[in-house]
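Dear colleague,

Please find below the structure that I am handing over to you. My findings follow directly after it, arranged by topic.

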Amino acid sequence: MAQAAFEAVVEDFEFLEDWEDRYRMVIEMGKAMEPLPEALKVPATKVEGCASQVWLHMTPDAGVFHFHGESDALIVKGLIALLHRLYDGLPLAEVAAVDARAELGRLGLHDHLSAQRSNGLRAMIERIRAEAQAAA
């Protein structure tokens, strides 16, 4: 089961009739995120495998997974916002149990992302899972 914040996105998507509106919502979610400080945009936080520049900074705290991220592409920043709603605040041990592909599939994203964006999304998910596992 997804986090309540992600469930709210699923519900909002059900009310949006076309993909332009859904893309706009994802982009707005990304714009609303706190920017990642420049000092954290370093090779250690950069996600390889993304067509655009992507940085994810994980900050597990007392067994709870937290992360922040940023991208130079608006849609990718929105995808980071979706992943944030899906993973942030979970116990570290539960991060690996989240089937991100299935959860994001509930939004219909797989049918509407380019192959490059899908590969980048997969790279971000793998990075999140690996970081959570290493911190657990």
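Which residues are linked with E38 in a network of salt bridges? The model is a predicted one, and in it K41, E70 and K77 join E38 in such a network.

**The charged pairs**

Side chains of opposite charge can pair when their charged atoms come close. The count of salt bridges comes to 8.

K77 is a residue of helix α3. Its relative accessible area is 12%, so K77 is buried. Leaving aside residues up to four places away in sequence, K77 touches G30, M33, E70 and S71.

With E7 it forms a salt bridge whose closest N and O atoms are 2.8 Å apart. This pair links distant parts of the chain: E7 belongs to helix α1 (residues 4–15), whereas R106 sits in the loop between α5 (100–105) and α6 (115–135), and the two are 99 residues apart. R106 also forms a salt bridge with E103, and here the closest N and O atoms are 2.5 Å apart.

R106 has a relative accessibility of 40%, so it counts as partly exposed.

A further salt bridge joins E131 and R127, with the closest N and O atoms 3.3 Å apart. Because these residues are 4 apart in helix α6, about one helical turn separates E131 from R127. Is R127 buried or exposed? R127 counts as buried, since its relative accessibility is 17%. E131, with a relative accessible area of 33%, is partly exposed.

In soluble globular proteins, nonpolar side chains tend to be buried together. The largest nonpolar core of this model holds 41 residues, and the members that touch the most others are L82, L83, Y87 and M124. Two or more residues are given to this core by each of α1, α2 (19–32), β1 (54–58), α3 (74–87), α4 (92–95), α5 and α6. Which element supplies the largest share of this core? That share, 9 residues, comes from α3.

When residues up to four places away in sequence are not counted, Y87 touches Q3, F65, F67, V95, V98, A100, I125, I128 and R129.

**The paired strands**

Strand β1 is mostly covered, with 4 of its 5 residues buried. It is joined to strand β2 (residues 67–71) by 5 bridges, and the two strands run antiparallel. One of the residues concerned is M58, whose bridge partner in β2 is F67. F67 has also been named above among the residues that Y87 touches.

**Enclosed and open spaces**

Rolling a probe the size of a water molecule over the atoms shows where empty space is left. How many cavities of 30 Å³ or more does a search of the whole structure find? The search finds 1. The largest cavity contains about 50 Å³ of space. Its lining consists of C50, A51, S52, V54, V76, L79, Q116, R117, G120, L121 and M124. The elements that give two or more residues to this lining are α3 and α6, and the largest share, 5 residues, comes from α6.

The largest pocket has a volume of about 190 Å³. Its lining is formed by V98, D99, A100, R101, L104, H110, S118, L121, R122, I125 and R129. At least two residues of this lining are supplied by each of α5 and α6, and α6 gives the most, with 5 residues.

With kind regards

Methods: Residues are numbered from 1 along each chain as its sequence is written. This is a predicted model: local features need pLDDT of at least 70, side-chain atom pairs count only at pLDDT 80 or more; totals for chains, interfaces and linings use all residues. Side-chain values use heavy atoms; hydrogens and water are left out. A salt bridge is a side-chain nitrogen of Lys or Arg within 4 Å of a carboxyl oxygen of Asp or Glu. Buried means under 20% relative accessible area, exposed over 50%, partly exposed in between (1.4 Å probe, protein chains only). A nonpolar core is a set of buried Ala, Val, Leu, Ile, Met, Phe, Trp, Tyr and Cys residues joined through side-chain atoms within 4.5 Å. Contact means heavy atoms within 4.5 Å. Two strands pair if DSSP finds at least two bridges between them. On a 1 Å grid over the protein atoms alone, a cavity is a set of points where a 1.4 Å probe fits but cannot get out, and a pocket is an open set with protein on both sides within 12 Å along at least five of seven lines; lining residues have an atom within 4 Å of a point. Grid points are joined across faces, edges and corners, and a volume is the space filled by probe spheres set on the points.
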